[in-house]
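Me: Hey, I'm new to this one. Could you walk me through it?

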Amino acid sequence: MTTSKAGKTYYYARLVKEESVGKQTVRSLGRIGSSQHLAWERSIARRDAIVELEQQLKLLDELMQRQQERSHLVERDFSEPEKD
């Protein structure tokens with residue numbers, strides 16, 4: 001979004017969220033580069049990092065579950081072999 005005043009152009013960021021079909025919520029994130037806008041950018045970056053970590057955790061949980069389910073297929077005998 002842009003506005004012009006006295007020959008200057010100002011750019012503003014907006015957050016648009018689709019709540020349901022055809023209905024949107026719009027929230028101003030402030031002028032680009034402002035403290036309000038930078039705070040929103042940091043918040044969004046934190047949220048994205050959390051989502052990524054949650055996805056990685058889910059993947060690790062699934063891999064651990066799979067390993068646990070298949071561990072019975074391998075006989076675990078770690079004793080020393082008998083010598084002649």
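Me: Before that, what kind of model is it, and how are residues numbered?

Reply: This is a predicted model, where local features need pLDDT of at least 70, side-chain atom pairs count only at pLDDT 80 or more, and totals for chains, interfaces and linings use all residues. Residues are numbered from 1 along each chain as its sequence is written, and side-chain values use heavy atoms, with hydrogens and water left out.

Me: Ok, how many helices and strands does the protein chain have?

Reply: One helix and three strands, and the order along the sequence is β-β-β-α. Both kinds of element are DSSP runs numbered from the N terminus (helices are H or I with at least four residues, strands are E with at least two).

Me: How much of the protein chain is buried?

Reply: Of its 84 residues, 6% count as buried. Buried means under 20% relative accessible area, exposed means over 50%, and partly exposed is in between (1.4 Å probe, protein chains only).

Me: And the contacts between residues 24 or more positions apart? What share do they make up?

Reply: They account for 4% of the contacts in the protein chain with a separation of 6 or more. A contact here is heavy atoms within 4.5 Å.

Me: Let's talk strands. How do S2 and S3 pair?

Reply: Strand S2 (residues 8–20) and S3 run in the antiparallel sense, with eight bridges. Strands pair if DSSP finds at least two bridges between them. For instance, Ala13 has Gly30 in S3 as its bridge partner.

Me: What's in the turn there?

Reply: S2 and S3 make a hairpin with two residues between them, and Gly22 in the turn has a positive phi of about 80 degrees.

Me: Why does Ser34 count as buried?

Reply: Because its relative accessibility is 18%.

Me: Moving into the helix, what about His37, buried or exposed?

Reply: His37 sits in helix H1 and counts as buried, at 8% relative accessibility.

Me: Which residues does His37 touch?

Reply: Leaving out residues up to four places away in sequence, His37 touches Ala13, Leu29, Gly30, Arg31 and Ile32.

Me: New topic: how many salt bridges does a search of the whole structure find?

Reply: One. Asp48 forms a salt bridge with Arg47, and their closest N and O atoms are 3.2 Å apart. The term means a side-chain nitrogen of Lys or Arg within 4 Å of a carboxyl oxygen of Asp or Glu.

Me: How accessible are Asp48 and Arg47?

Reply: Asp48 is partly exposed at 41% relative accessibility, and Arg47 is partly exposed at 49%.

Me: Last one: which residues form the nonpolar patch on the surface?

Reply: Leu59, Leu60 and Leu63, with about 280 Å² of accessible area together. Patches are made of residues with over 30% relative accessible area and no salt bridge; like charges are joined within 9 Å, and nonpolar side chains (Val, Leu, Ile, Met, Phe, Trp, Tyr) within 5 Å. Accessible areas come from the Shrake-Rupley method with a 1.4 Å probe, and for residues only the protein chains shown count as cover. Leu63 lies in helix H1 and is partly exposed, with a relative accessible area of 43%.
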